[in-house]
Amino acid sequence: MLSYRHAFHAGNHADVLKHAVQTFILESLCAKDKGYSYIDTHSGAGGYTLSHEWTQKKAEYQGGIARLWHEQQNWPQLAGYFDAIRAMNASETLEHYPGSPLVAAHFQRPQDRLTLMELHHNEVELLRQNLGRDGVAIHHRDGFEGMVGLLPPTPKRGLVLIDPPYELKEDYRRVADTLKKAHKRWPIGIYAIWYPLLAKAVDRSEGLKTALANLGFEQVLCAELKVQAQADDFGMHGSGMIVLNPPWKLDEKLAGLLPALSRTLAQDDQAGFTLEWLK
């Protein structure tokens with residue numbers, strides 16, 4: 001249950017989608033001077049060194065952020081995302097990649113509050129090393145139960161990012177059950193949920209989408225990015241982001257990004273994307 005280490009997948013196509021969506025939402029929150037709360041339920045180590053043996057084992061970042069990094073001029077809509085990555089790197093050479101906590105920290109202002117949760121005992125120690133600072137609360141706890149206990153947060157506007165590894169099939173149910181409780185405690189919050197697209201888990205991801213669309217949130221936006229044909233095994237051929245209470249014009253930003261992103265990150269001719277309102 002505690003075997004997952006995100007370093008093996010840092011900077012891959014799923015991270016690009018997740019962190020692009022995260023960046024768009026944080027930029028929207030930063031458009032107002034009023035502070036916001038950011039809660040991360042599965043924080044991991046916070047950031048990753050791409051030369052590490054774990055990251056190099058499959059070098060998944062080569063099919064993700066590396067395809068965009070040296071063509072940044074072609075992606076003006078991702079300027080904030082690139083800035084967050086650049087903040088970790090001393091030069092234009094891509095040596096480090098931020099997890100969602102460090103992406104959030106890049107946008108944090110003095111009036112904003114970050115709460116990061118991680119259950120893995122080794123990962124949480126790395127998280128403390130990477131993000132131990134004022135304005136950041138780090139909890140060694142289960143992110144599902146921890147999130148509910150923290151709601152409603154102060155400040156009362158903000159974002160919750162939920163991206164469990166889904167190594168356990170129960171994670172799909174736990175996401176839906178947790179957000180049902182969250183809706184009762186903080187119905188105005190923005191919630192961004194990442195999930196993998198797996199050939200043998202189609203029913204689970206589709207069930208998750210249906211469940212989240214029926215929790216009572218006023219708007220539910222879903223973006224999926226597929227980089228290759230659906231495999232016959234448990235290989236991930238893409239990923240999705242569901243945003244509950246999406247900020248204004250997030251759909252327009254994604255509509256402009258996803259076609260080019262699917263072409264650039266494609267691993268075969270079956271790559272594509274979907275963008276739809278589930279509610």
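**Aromatic rings and their surroundings**

Y166 is buried, because its relative accessibility is 6%, where buried means under 20% relative accessible area, exposed over 50% and partly exposed in between, with a 1.4 Å probe and protein chains only. This is a predicted model, in which local features need pLDDT of at least 70 and side-chain atom pairs count only at pLDDT 80 or more, while totals for chains, interfaces and linings use all residues. Residues are numbered from 1 along each chain as its sequence is written, and side-chain values use heavy atoms, with hydrogens and water left out.

The structure contains six aromatic pairs. Rings of Phe, Tyr and Trp (its six-membered ring) pair if their centres lie within 6.5 Å; planes under 30 degrees apart count as stacked, over 60 as edge-to-face and the rest as tilted. Y166 and W194 form a tilted pair, because their planes stand at 50 degrees, with ring centres 6.0 Å apart. This pair links distant parts of the chain, 28 residues apart: Y166 is in the loop between strand 6 (158-162) and helix 8 (170-185), and W194 is in strand 7 (residues 190-198). Helices (H or I, at least four residues) and strands (E, at least two) are DSSP runs, numbered from the N terminus.

W194 also counts as buried, because its relative accessibility is 10%.

In another pair, the ring centres of Y191 and F217 are 5.4 Å apart and the planes lie at 65 degrees, so the arrangement is edge-to-face. Y191 belongs to strand 7 and F217 to the loop between helix 9 (202-213) and strand 8 (220-226), so the pair ties together parts 26 residues apart in sequence. Both Y191 and F217 are buried.
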